[in-house]
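Hello,

Here is the structure I promised to pass on to you. Have a look at it first, and then read on for what turned up.

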Amino acid sequence: MVWLGVWLDNLHATDDEIVAHAQVLIPVLATGDASAVERLAPVLVAAVHDDLEVDVVAALTAPTKKARRALLAALARRPAPGVGTPGG
């Protein structure tokens with residue numbers, strides 16, 4: 001995904017910009033591209049609302065251990081959903 005590399009590396013997209021575009025980027029994770037999962041999922045899982053978390057977690061189907069580990073590490077750092085939230 002050349003566009004992703006340009007956006008993140010050349011244009012230096014911030015975590016806030018990534019999160020601001022979560023609705024568009026979450027479907028990118030569904031493509032199963034390992035580099036997209038490695039670079040986007042940890043940022044998204046750390047910041048998205050509980051309602052979107054499950055959509056990001058679906059990226060655990062990534063084809064590489066490195067991508068899955070990056071996502072699992074981000075999930076481990078995320079606080080548990082609060083009482084009254086979906087899944088809480």
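This is a predicted model: local features need pLDDT of at least 70, side-chain atom pairs count only at pLDDT 80 or more; totals for chains, interfaces and linings use all residues.

The accessible surface of the chain amounts to about 5200 Å², and carbon and sulfur atoms account for 60% of that.

Now for the fold. The protein chain has six helices and zero strands, so its radius of gyration is worth a look next: at 13 Å, the value is close to the 12 Å that the globule rule gives for 88 residues, so the chain is as compact as a globular protein of that length. Computed along the sequence, the pattern reads α-α-α-α-α-α. The C-alpha trace spans about 40 × 25 × 20 Å along its principal axes.

One residue deserves a visit of its own. His 12 sits in the loop between α1 (2–10) and α2 (15–20). Its phi is positive, about 55°, although His 12 is not a glycine. Most residues other than glycine have a negative phi. Is His 12 buried or exposed? With a relative accessibility of 56%, above the 50% cut-off, His 12 counts as exposed.

Enjoy exploring it!

Best wishes

Terms used: Residues are numbered from 1 along each chain as its sequence is written. Side-chain values use heavy atoms; hydrogens and water are left out. Helices (H or I, at least four residues) and strands (E, at least two) are DSSP runs, numbered from the N terminus. The radius of gyration is taken over C-alpha atoms; the globule rule is 2.2 Å times the number of residues to the power 0.38. Accessible areas come from the Shrake-Rupley method with a 1.4 Å probe; for residues, only the protein chains shown count as cover. Buried means under 20% relative accessible area, exposed over 50%, partly exposed in between (1.4 Å probe, protein chains only).
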